Amino acid sequence: TQVGDRCYDEKMYEAAKLLYNNVSNFGRLASTLVHLGEYQAAVDGARKANSTRTWKEVCFACVDGNEFRLAQICGLHIVVHADELEELINYYQDRGYFEELITLLEAALGLERAHMGMFTELAILYSKFKPQKMREHLELFWSRVNIPKVLRAAEQAHLWAELVFLYDKYEEYDNAIITMMSHPTDAWKEGQFKDIITKVANVELYYKAIQFYLEFKPLLLNDLLIVLSPRLDHSRAVSFFSKDAMQYASESKDIELAEELLQWFLQEDKKECFASCLFTCYDLLRPDVVLETAWRHNIMDFAMPYFIQVMREYLSKVRIGCYSTMGNKCMED
């Protein structure tokens, strides 16, 4: 062996090959064979040596020699060691061999000694280079990945649907709902949304969900409300919709619509909403109609702030008109 080592150090690889072969030093033999470019024989030598160090040396040499089929044979003996996985991944990635690395890890998933790191790193590679394959991988193996690590990768890759899937499995329901509402085109699914919204911890998300449906999925709002109804503060929910209805009436510039909304609030005995609507739809409402309505329903107290404002504006206009036509004499008289 010592003579073989001297030959190896002097780069006399043919002589070293013969000497190592004679003494069955398969580890050193494998190292010698890669220098000779005899990759298949080197893999056979590594198999006989069966040490992680030798497998790595031959694997990396095969990668450098673009012998990826042989590199994969070696790699399958390396990836099962969790503490060796990162170095192997970096070796492939640093040289731009992403496809070959993915193929290696895919082949490794079926190994008896497959571990969480392999499933996790493959998910991360999919997120970067083959996003179309990530969802299927997660559906099959979500319980075998490091979810927080894969969550970060999905977020960095803007894979919103996959992010929601992982949040759901990780029981981070609030984040799942927020992600769906922030990225509805990619991430929102009706059944999934209704299922997860019932599990959130922050009840404010109920009302944000209602607002989201009003803006993006108004025809499906009733379905959402059926799910949320047992969990909502009903008085707050009514106020929520009242506010939305007032805003809509105000923006519509439709006088009849605004006055009909006032009547509806009175029919539902929602005096506070009636008072609020007087100011939200202030420019549309006719003071005489408001006065008659308030008097008939005996709620002048709720309408009084509105009439004070109307009177203030009226007097201001009269005063300005008086000054413009008669100057100071009007006030003196």
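Predicted model: local features only at pLDDT ≥ 70, side-chain atom pairs only at ≥ 80, totals over all residues.
Student: How much of residues 76–222 is helix, and how much is strand?

Tutor: The span is 70% helix and 0% strand. Its end C-alpha atoms lie 54 Å apart.

Student: How do I read the packing of two helices, for instance helix 13 and helix 16?

Tutor: Start with the angle and the distance between the axes. Helix 13 covers residues 173–182 and helix 16 covers residues 204–216. They pack at an angle of about 20°, and their axes are 11 Å apart. Angles under 35 degrees count as roughly parallel, so helix 13 is roughly parallel to helix 16. The crossing of helix 13 with helix 16 is left-handed.

Student: Which residues meet there, in helix 13 and in helix 16?

Tutor: Helix 13 contributes Asp-174, Ile-178, Met-180 and Met-181. Helix 16 contributes Leu-205, Lys-208, Ala-209 and Phe-212. Sorted by kind, the residues of this contact are 6 nonpolar, no polar and 2 charged.

Student: Is Lys-56 buried or exposed?

Tutor: To decide, compare the relative accessibility with the cut-off: under 20% counts as buried. Lys-56 has 16% relative accessibility, so Lys-56 counts as buried. Lys-56 is in helix 5, which runs over residues 52–64.

Student: What does Lys-56 touch, leaving aside residues up to four places away in sequence?

Tutor: With those left out, Lys-56 touches Ile-78, Glu-84 and Glu-87.

Student: Where does Lys-253 lie?

Tutor: Lys-253 sits in the loop between helix 18 (234–252) and helix 19 (255–267). With a relative accessible area of 60%, Lys-253 is exposed, because the cut-off for exposed is over 50%.

Student: What is the phi of Asp-269?

Tutor: Asp-269 has a phi near 60°, again a positive value in a residue other than glycine.

Student: Where is Asp-269 found, and is it buried or exposed?

Tutor: Asp-269 is in the loop between helix 19 and helix 20 (271–280). Its relative accessible area is 51%, so Asp-269 is exposed.

Technical notes: Residues numbered from 1 in each chain as written. Heavy atoms only, no water. Helix = DSSP H or I, 4+ residues; strand = E, 2+ residues; numbered from the N terminus. Buried < 20%, exposed > 50% of the residue type's maximum accessible area, 1.4 Å probe, protein only. Axes fitted to C-alpha atoms, helices over the stretch in contact; angles between N-to-C directions. Parallel < 35°, antiparallel > 145°, perpendicular 65-115°, else oblique. Left-handed = near helix turned anticlockwise from the far one by under 90°. Contact = heavy atoms within 4.5 Å. Nonpolar A, V, L, I, M, F, W, Y, C, P; charged D, E, K, R; others polar.
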